[in-house]
Amino acid sequence: MALPVEEWRLCAARCWAALEPALRDQLAAASLHDTLRLGCGLLRPEAEAAALRRLCRRARAGKEPAAARFYREEGNRLFGRRRYGTAARLYSQAASHELPGSPEVSICFANRSAALFRLGHLEVCLEDIARAESHGYPDELLPKVLLRKAECLLCLGRLQDAADALSVVENKIAVDGIMTGPTQQILLKKLSQLKIKLGEKASCPEPAREACGDVRRKSEIWEENGSISGASSSLSLNFDTERGRHLVASKDILPGQSLLEEEAFVSVLYPGESLLQDSSETAWDTRVTNADLYCHRCLRQLLASVPCRGCSYAKYCSQNCADVAWEQYHRTECSLGALLLTLGVFCHVALRTVLLAGFAEVSRLVEWSHHSDKDLHNPEAPDTRAGTRGIPGCNDNGQYQSSYQAVFNLLPHAEKHSPEHKFLCMLSVVAICKQLQEAGLEAALLNQESAETWSKPETCEKPSRELSPELKTVAEAMLRHVLQLQCNAQAITVMQESVSGDGAVVNKKPVRLATAFFPVLSLLNHSCCPNISVSFTGTAATVRASQPIPSGQEIFHCYGPHRCRMSVAERQRLLSQYFFECRCQACLDELESDAKSVVSIRNSFCCPSCRAPMQVGEDMLCCSNEACAISVSRESLSRRLRDLQQQTEKALELLRDKKADHAIEMLLQCQKDAGNFLSPEHLLMGEMEDHLAQVYATLGKWQEAARHLERSIEIVEMHHGPSSVELGHELFKLAQILFNGFAVSEALSAIQRAEEILSVHCGPQSAQIQELQEMKTCLSELPRSILQRT
């Protein structure tokens, strides 16, 4: 949710409509500074501010013991059903709602350690056991947890540590006498079994294992650019009035070559919709969102999250990440969680940007913007005589760095946003700054005091309706950043497992994980047919050439609309949010041609009677076969398409519920229905083939799975091209299926094709490439007699 919730948008729209026409005209034409000056007092305590407080009650960001009990009980129930992964996530949610240091939170960690042990995550299990002990786990329950600790240590080969743990358990049971009866007997039996296992391992030590797959490969070697941080020396920063700032190849570039590696200046996790619920809902939500799966600071995938001590929303992969986040920004954000969830990710990114930059730097650049001779509504007219030093965002040495100065100089397009949207953004940032002031957080924000100095915020006795001059400066910078994000936000994406099967074949799809500012990446202009590919590792972006780029050619990124995915009319409509009309070569070619776009043809309807292509009309579609000449309303066919998409989703739900046979039956029926009115090359036809392959793979029917996936690959290649990352992901799945089906020669062929494509888009160190190489090594080491038979 990039923008505020709909109710707040409507509230701001009503406030805008109620303003005097003269004031609306002033605000519409005002600079960012004057927008804050004119509008700062328009957030009325009894109206807009009160409405915002009501909306914030829906955002569950505080500690709630009732929620903790619910999630812990649900976790216990699912643990009993052997759904250990889901149980672990529920214990994490329970822990995030418990008060820090309480016995209840220690029970959450102990329970989660049991789920992690069953999942085979032994090191993380040990970390959770340590957390449970440090948070005061009840002494009478400790022997059971310590036995689990000893078993983990045994499995990891840490025999002396395991012996020490068993000694502690034996002492507690025998000497302390904290357990009696059947429970004691069960523990003594387990203790005896582990002591026997320890003795066996001590007398027959396992041979030392050679270091292998987990050794990190060396980073790709490249020469860094002296003028652009994180960029290859094969790029140069240029400027002209038509294209603005842009990057150009200064030498010939080969496919797969790394061009840019940049850490996000700021990133905010995309939370997921379930965190904002209708007030009528009473049950706690158990749906899994990004907030449960990824670290809120570094975006690493979570196994056992470390909760924030002050709120239930922020979760981290380690105590170090939690401490760094607290010091850098979360000590200010923590009590604002509900407000930030209500106002959307863009407002959250804007706040975190100024927190990371620090007030001194924010104030310096805001002041510079007031007194600079530049026309800040159109800063695309630098002093080119000064070389790169005259390009906005460059420092005095002419270097363009991933810095706050570069972020500040990204275009906000303040004059191009609608007055209503600018007003909504202004009210939202003012609401955040007023909350900071009323919560006594202004000093921490402006002076960046240490966490030790700022332990408990002092609430103002009489909160002022007027923002302080310093907070007005912060609000102005935040407003600038919110407006910048519409054109300069970069979605951080990750390949996420979509449906869990038996683990033999992993089906993944790209999912938006976070929103970020990448100042250097933002230099790239858009093309509907880009020449680079962007991949993400945590909060870092890597840009690679996806095709040969000759010296002098501009480096182009795709902002979303791609020529392989939609027609030129659709692309132009979506790109209007960036305030430009795309004139890339792909758009020019399609606009100048009278022929129907290939994308439209492939994703078109066919005649329900004779299956000939349907001719496009406004409301009615006519069969292109003159002998048939059937007419059908566009709406009726569109409705059939929507129904079909819903049916395929239901089939996937059946697969999740382990009802594979029913899923196959439903997908085959969907496939039959689709053939009556969709083009054979329609993307949905390929998706259904992909889903069928997935179901057959869960049943171990590898030949059937491969046959359906090969049909899906044909359609994907038609739509996205023979060197596209989409095709690479499909070939990766085919390689997995053929590998598991022991089709050696076919698997090696699929592995080679997938490796050639994915190494260009994702790099040689990516997880998929590593897995492909492991499969290839495994197949190559098979006995020659087996290889000859396959």
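Modeller: Helices here are DSSP runs of H or I with at least four residues, and they are numbered from the N terminus. The model is predicted, so local features need pLDDT of at least 70 and side-chain atom pairs count only at 80 or more, while totals for chains, interfaces and linings use all residues. Residues are numbered from 1 along each chain as its sequence is written, and side-chain values use heavy atoms, without hydrogens and water.

Arg82 sits in the loop that links α5 (65-80) to α6 (84-97), and its phi is positive, near 65 degrees, although Arg82 is not a glycine. Most residues other than glycine have a negative phi. Arg82 counts as exposed because its relative accessibility is 67% (exposed is over 50%, buried under 20% and partly exposed in between, with a 1.4 Å probe and protein chains only).

Phe579, in the loop between α21 (568-575) and α22 (585-592), also has a positive phi, of about 65 degrees, without being a glycine. At 23% relative accessibility, however, Phe579 counts as partly exposed.

As for helices that meet, residues of α18 including Cys425, Met426, Val429 and Ile432 touch residues of α20, among them Val474, Met478, Leu479 and Val482, where contact means heavy atoms within 4.5 Å. By class, this contact of α18 with α20 has twelve nonpolar residues, three polar and one charged (Ala, Val, Leu, Ile, Met, Phe, Trp, Tyr, Cys and Pro count as nonpolar, Asp, Glu, Lys and Arg as charged, and the others, Gly among them, as polar).

Note on methods:
Helices (H or I, at least four residues) and strands (E, at least two) are DSSP runs, numbered from the N terminus.
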